[in-house]
Amino acid sequence: MSAPYPWLDASWQRLLATRARPAQALLLAGPRGVGKGALARAWAQVLLCEAPLADGAACGQCPACHWFNAGTHPDFRLVSLQEKTTKEGETRMATAIEVDQAREAVDFVQLSTYRAGYRVVLVDPADTLNLASANALLKVLEEPPLNTVFVLVSDQPRRLLPTIRSRCTRLDIGLPPVDVAAQWLAGQGVDDAVNLLALSGGTPLDAQRWADSTELDERRSVLEGLARPDRLDPVTLGERWKTVSPQTWHNVAYKWLGDLLAVKLQGKVRFNRDFSEALAQLGKKADLAKLLALAKTQANEGRTLAHPLNRTLQVQAWLIQYRHVFD
Ligand SMILES: [Zn+2]
């Protein structure tokens, strides 16, 4: 079994080399969209496999591999964000890993293993542990039971409790070289890989998601509007864009503001290269203080995406504030 993605090969080899004595608490840290979660799962399978290959990789054939791939291995636990049902009966993704999930994992590692090998707990995304759940896990991270391996995955390792970070052996996964990522994307049938990579900040899995979705059309529609703030009509556009998913809206607006700031401060476009000219013009007109204030609001909005208010009003309010940046 090779690394889940070609750019992870060096990290993968480093992990395989530790198979005989794996870190009891491993933190995989790095930007989103580079395959940390896939790497963590592949590593868990390596540890659970009962007939590993000569290089230490999982065989894919033994009972443990079959269970793992079916999501039923009794010595594996995934601790992640769960869906919740609100009082109104809507299903939403929780924004934090709750303390009862952490306690369940703690109970799990106290039991004897079903098979003779390791027991693996994967926490992904670990930065969504709240204080109570982090503290519950900390106890077992400090003194992990025998044959127990924790793998934590995080885009924002700084948000982890320092006491948790200090218990972990950290493996940083960086952005892949553009040529490697572009070649992989092309192999997945993605056209325009280099532009999409720029748009996704160099993260190939995000670039692939862009290519697979209707988001690209929505993005173009939103950016064509934002590129002409003098003509922008918040009422009409707020109504038109209310169907754009909150995630896409945030993603597009956040990167647009990021580019405006980058143009203003460093004279270069990072994400939306296909709008370079418009950004350069707007960068000259934008008021830096207002732009920073809006970017800050936008960053905070990312955390409240799970609780969208009235979409139309929210988008309209944003557009009004956006227009004022260029007054
Ligand atoms: Zn196996």
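Colleague: What relative accessible area does A211 have, and how should I read that value?

Modeller: A211 has a relative accessible area of 31%, so it counts as partly exposed. The scale works like this: buried means under 20%, exposed over 50%, and partly exposed in between, using a 1.4 Å probe and protein chains only. This is a predicted model, where local features need pLDDT of at least 70, side-chain atom pairs need 80 or more, and totals for chains, interfaces and linings use all residues. Residues are numbered from 1 along each chain as its sequence is written, and side-chain values use heavy atoms, leaving out hydrogens and water.

Colleague: Which helix holds A211, and which residues does it touch?

Modeller: You will find A211 in helix α9. Helices (H or I, at least four residues) and strands (E, at least two) are DSSP runs, numbered from the N terminus. A contact means heavy atoms within 4.5 Å. Leaving aside residues up to four places away in sequence, A211 touches V190 and L196. For a sense of distance, look at E143: its C-alpha atom is 45 Å from that of A211, although the two residues are 68 apart along the chain.

Colleague: Which residues of α9 are buried, and what do they pack against?

Modeller: Helix α9 covers residues 204-212, and its buried residues are P204, L205, D206, A207 and W210. These pack against four other helices: α7, α8 (193-199), α10 (215-226) and α12 (246-266).

Colleague: Let me step back to the whole protein. How many helices and strands does it have?

Modeller: There are 15 helices and 7 strands. Along its principal axes, the C-alpha trace spans about 70 × 45 × 35 Å. Of the 327 residues, 47% count as buried. Contacts also tell you how the chain comes together: among those between residues at least 6 apart in sequence, 71% join residues at least 24 apart.

Colleague: Now the sheet, please. In what order do its strands stand?

Modeller: The general idea is that strands of a sheet pair through backbone hydrogen bonds, either parallel or antiparallel. Two strands are taken as paired if DSSP finds at least two bridges between them. Here 5 strands form an open sheet with parallel pairing, in the order β2-β5-β6-β1-β7. The edge strands are β2 (76-79) and β7 (169-172); each has a single partner, so one side of each lacks a neighbour in the sheet.

Colleague: What lies on either side of β1, and is β1 mostly covered or open?

Modeller: Strand β1 (residues 25-29) runs parallel to β6 (residues 148-154), with 5 bridges joining them. On this pairing, A25 stands opposite F150. Helix α2 (residues 36-48) packs on the sheet, where it touches β1, β2, β5 (119-123) and β6. As for cover, 5 of the 5 residues of β1 are buried.

Colleague: Which residues touch the most other members of the largest nonpolar core?

Modeller: A nonpolar core is a set of buried Ala, Val, Leu, Ile, Met, Phe, Trp, Tyr and Cys residues joined through side-chain atoms within 4.5 Å. The largest one has 77 residues, and L226, W256 and Y322 touch the most other members. Beyond four places away in sequence, Y322 touches L226, P229, L232, W256, L257, L260, L282 and L294. A second, separate core has 25 residues, including A29, L137, V140 and I164.

Terms used
Axes fitted to C-alpha atoms, helices over the stretch in contact; angles between N-to-C directions.
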